[in-house]
Amino acid sequence: EEAIKFFEINRILDLDKWMHIAVTHTNRTAEFYINGVYLGNDNSFTLIEEKLSYFCYLGKSNFEHDPIADAYFDDIRFYNRVLNQSEIYAIYNQNF
């Protein structure tokens with residue numbers, strides 16, 4: 001059985017400051033961006049369909065003991081295709 005995966009970045013997130021965070025997922029690769037800058041990827045990222053919840057949350061986990069995010073979310077987008085790095089950077093520049 002696969003374990004829950006976490007992706008760690010060597011960057012401290014700024015408190016009380018607007019940040020653009022983007023994640024793309026295609027095949028087995030998830031790519032991570034902050035403020036339009038590519039941070040890295042995970043080539044073993046899989047979605048296990050039978051483990052997906054019927055309830056998907058932003059800022060809240062499906063696990064009852066996890067804390068709720070103390071954050072505001074704005075301009076949340078889901079696309080039916082993977083955006084490339086220049087598209088993500090352009091969206092960041094539109095909002096910043």
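1. The secondary structure of the protein chain amounts to one helix and three strands. The model under review is a predicted one.

2. Strand β1 (residues 21–26) and strand β2 (residues 29–34) run antiparallel and are joined by six bridges. Together, β1 and β2 form a hairpin with two residues between them. Thr26 stands opposite Thr29 of β2. Within the turn, Asn27 has a positive phi of about 50°.

3. The loop between β3 (37–42) and α1 (85–95) contains Phe78. Is Phe78 buried or exposed? Phe78 counts as exposed because its relative accessibility is 72%, and the cut-off for that class is over 50%.

4. Phe78 also belongs to a nonpolar patch on the surface, which it forms with Leu58, Phe73 and Ile76. The accessible area of these four residues together is about 470 Å².

5. With regard to the chain as a whole, buried residues make up 18% of the 96 residues in the protein chain. The protein chain exposes about 8,500 Å², and 53% of this area is supplied by carbon and sulfur atoms.

6. A further point concerns contacts along the sequence. Of the contacts in the protein chain with a separation of 6 or more, 35% are between residues 24 or more positions apart.

Definitions and conventions
Residues are numbered from 1 along each chain as its sequence is written. This is a predicted model: local features need pLDDT of at least 70, side-chain atom pairs count only at pLDDT 80 or more; totals for chains, interfaces and linings use all residues. Side-chain values use heavy atoms; hydrogens and water are left out. Patches are made of residues with over 30% relative accessible area and no salt bridge: like charges are joined within 9 Å, nonpolar side chains (Val, Leu, Ile, Met, Phe, Trp, Tyr) within 5 Å. Accessible areas come from the Shrake-Rupley method with a 1.4 Å probe; for residues, only the protein chains shown count as cover. A salt bridge is a side-chain nitrogen of Lys or Arg within 4 Å of a carboxyl oxygen of Asp or Glu. Helices (H or I, at least four residues) and strands (E, at least two) are DSSP runs, numbered from the N terminus. Buried means under 20% relative accessible area, exposed over 50%, partly exposed in between (1.4 Å probe, protein chains only). Contact means heavy atoms within 4.5 Å. Two strands pair if DSSP finds at least two bridges between them.
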